[in-house]
Amino acid sequence: MDEKYDVVVVGGGAAGLSGAVALARSRRSVLVVDSGEPRNAPAGHVHNYLGRESTPPAELLSLGRAELAGYGGEVVVQTVTSVAKGDNGFEISLADGRRTLARRVLVATGLVDELPEVAGLAARWGRDVLHCPYCHGWEVRDRAVGVLSTGPMTAHQALMWRQLTDDVVVFRHTHGDFDEAPLLARGIRIVDGVVAAIEAEGDQLTGVRLESGEVVARDAVAVAAPARTRAGFLAPLGIEPEPVEFNGFVIGTRVPADAAGRTSVPGLWVAGNVTDMRAQVVVSAAAGLMAGAAINGELVEEEAAEAVRLREKPFSHEMEREVARANEHHAETREGARANEHHAETRQGARTNEEARADEHHAEAPPFDRASWEERYRSQDEMWSGRPNDQLVTEARSLEPGHALDAGCGEGGDALWLAQQGWRVTAVDFSTTAIERGRAQAAKLGVADRVTWVAADLGEWVPESKYDLVTSHFLHIPSAARTVAFARLADAVAPGGTLLVVGHDPADHHAGRPHMPDMMFTAEEVAETLDQSWASVAAGNRERSAVGAEMVVRDTVLVARKR
């Protein structure tokens with residue numbers, strides 16, 4: 001699972017799913033990792049959630065997961081063991097040994113209630129052993145309620161339950177130091193002695209048994225148990241939970257964060273009970289939404305800054321002069337100098353041998369502007385074979401499917417093949433006709449949810465994500481513009497990812513290739529533009545059988561692995 005996401009959400013409760021949905025609706029790649037142990041699992045229903053009143057907790061989570069899936073988000077049931085931060089984001093390790101990468105992490109792992117050691121109490125937690133009058137009070141109104149005194153909130157809690165029923169008993173248990181006056185004034189009875197057990201018959205609480213043997217009949221018992229955050233896996237990042245106090249007593253812990261959920265670790269966010277122990281389900285969901293929106297806003301700003309950097313960095317004065325020379329040399333096609341040859345050969349299964357031989361006689365390069373390509377696509381129902389390029393198949397078969405970018409996708413043969421192998425693909429081409437054909441074919445093949453189609457000029461488009469595989473086949477544009485485009489594609493490769501650039505060998509004039517010296521390139525030329533962030537770079541020529549013609553042709557192929 002070495003795929004890199006924009007955001008990994010740890011915890012799939014109300015806060016985590018709400019944040020994930022907000023991010024997915026903003027077209028972010030999102031993975032939710034959830035252990036499947038929600039705090040409110042024993043409860044029968046969720047309350048005070050406008051529009052979802054009395055929804056069972058499991059049903060609410062199921063609805064949330066379905067909403068997330070509808071926007072392209074993913075959920076895996078697993079436990080996160082560690083989160084490590086590097087130069088390019090976070091690495092999240094799971095209990096089963098898998099790992100995933102993320103630009104940002106949202107932690108919404110909630111709390112663990114530390115229940116008092118009273119026999120039978122834990123077994124009835126969330127059903128008729130309760131903690132919150134707002135969450136469960138209406139359901140036990142006018143019933144006999146006992147309050148187990150375990151801390152400084154006893155008096156306040158007892159008065160809250162008294163609002164719902166006139167039959168409230170407080171058991172001093174292990175914490176008898178509270179103000180009795182307001183309780184007695186409200187008709188609340190106080191029982192001395194330590195509680196030994198919760199009594200039940202069948203599946204119904206019937207009473208509270210003291211160590212003395214006395215049993216006080218009750219229909220429900222309220223306990224204000226302290227709660228600690230589920231955030232131990234964040235300790236290596238320097239995140240330590242802080243105590244939450246009430247009247248000088250510690251009643252729980254929280255991960256410190258600002259109002260939006262931003263922690264002291266850049267890129268790490270929290271939402272819900274993990275940082276606000278008092279938040280009910282609807283409040284946690286709202287906090288997740290706010291955190292998700294804030295994360296997206298931060299990524300938007302980061303991507304804009306990166307786009308400015310990439311736009312400005314490549315254009316030195318020498319580059320400007322080179323662009324000018326290229327435009328002068330190709331005056332007749334300068335408006336379309338950034339065009340993509342769109343898999344010129346390997347996708348020509350629909351062409352005849354006669355057409356291929358006829359093209360051999362073309363002395364001048366055909367126009368490669370956007371309008372010309374649109375006219376070529378519209379003039380025939382299918383331009384390319386729809387089969388994946390040989391070099392892509394050779395390289396991608398050994399890779400673990402992740403997130404891929406197909407730059408210059410044409411009608412989508414490569415993108416569709418990758419999607420069928422389990423990849424998520426962003427497919428980019430400046431021909432809207434080609435894009436629409438690819439989208440339609442994806443729907444026919446049942447992979448529409450795995451391919452994002454982008455109509456854009458690669459001479460101007462800036463990738464918004466990092467990809468495990470960036471592939472470009474036969475992208476033939478003038479050298480200056482090509483340098484800029486390939487620099488952006490190389491920068492879009494995620495750590496550990498692969499860059500695959502394939503072109504026609506400039507020295508190979510078979511298969512009807514027009515003479516385009518400035519639009520051809522060697523793999524070695526591309527390799528020279530790569531910096532020191534690459535662990536390995538292989539550049540050379542490979543022979544293959546031409547599609548649509550009985551001849552052997554040569555491709556120039558660059559395969560680079562990023563550190």
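The model is predicted: local features need pLDDT of at least 70 and side-chain atom pairs count only at pLDDT 80 or more, whereas totals for chains, interfaces and linings use all residues. Residues are numbered from 1 along each chain as its sequence is written, and side-chain values use heavy atoms, with hydrogens and water left out.

**Overall make-up**

- The protein chain holds 14 helices and 26 strands; helices (H or I, at least four residues) and strands (E, at least two) are DSSP runs, numbered from the N terminus.
- Of its 563 residues, 51% count as buried, where buried means under 20% relative accessible area, exposed over 50% and partly exposed in between (1.4 Å probe, protein chains only).
- Among contacts (heavy atoms within 4.5 Å) in the protein chain with a separation of 6 or more, 67% join residues 24 or more positions apart.

- Helix α1 (residues 14-25) has twelve residues and spans 16 Å from its first C-alpha to its last, close to the expected 16 Å at 1.5 Å a residue; the expected span is 1.5 Å times one less than the number of residues.
- Ten of the twelve residues of α1 are buried, including L17, V21 and L23.
- After α1 comes R27, with a positive phi near 65 degrees.
- Helix α11 (residues 413-420) is largely enclosed by the rest of the structure, because seven of its eight residues are buried.
- These buried residues are G413, D414, A415, L416, W417, L418 and A419, and their cover includes α10 (390-396), β20 (403-407), β21 (424-429), α12 (432-445), β22 (451-455) and β23 (467-473).

**The seven-stranded sheet**

- An open sheet with mixed pairing has the strand order β22-β21-β20-β23-β24-β26-β25; two strands pair if DSSP finds at least two bridges between them.
- At the edges stand β22 and β25 (534-545), each with a single partner strand, so one side of each is left without a neighbour in the sheet.
- Neighbouring strands of this sheet are turned by 15 degrees against each other on average, direction ignored.
- β23 and β24 (residues 493-504) run parallel and are joined by six bridges; the bridge partner of L469 in β24 is T498.
- Helix α13 (residues 479-491) packs on the sheet, touching β20, β23, β24, β25 and β26 (552-562), and its direction makes about 145 degrees with that of β24. Axes are lines fitted to C-alpha atoms, for helices over the stretch in contact, and angles run from 0 to 180 degrees between N-to-C directions.

**The largest nonpolar core**

- The largest nonpolar core has 25 residues, and V470 and L499 have the most contacts inside it. Such a core is a set of buried Ala, Val, Leu, Ile, Met, Phe, Trp, Tyr and Cys residues joined through side-chain atoms within 4.5 Å.
- At least two residues of this core come from each of β20, β23, α13, β24, α14 (523-527) and β26, and α13 supplies the largest share, four residues.
- Beyond its neighbours within four places in sequence, V470 is in contact with L405, L489, A492, V493, T498, L499 and L500.

**The aromatic pair**

- One aromatic pair is found in the whole structure; rings of Phe, Tyr and Trp (its six-membered ring) pair if their centres lie within 6.5 Å, with planes under 30 degrees apart counting as stacked, over 60 as edge-to-face and the rest as tilted.
- The ring centres of F486 and F521 are 5.4 Å apart and their planes lie at 80 degrees, so the pair is edge-to-face.
- Because F486 lies in helix α13 and F521 in the loop between β24 and α14, the pair ties together parts that are 35 residues apart in sequence.
- F486 counts as buried at 7% relative accessibility, and F521 is buried with a relative accessible area of 2%.
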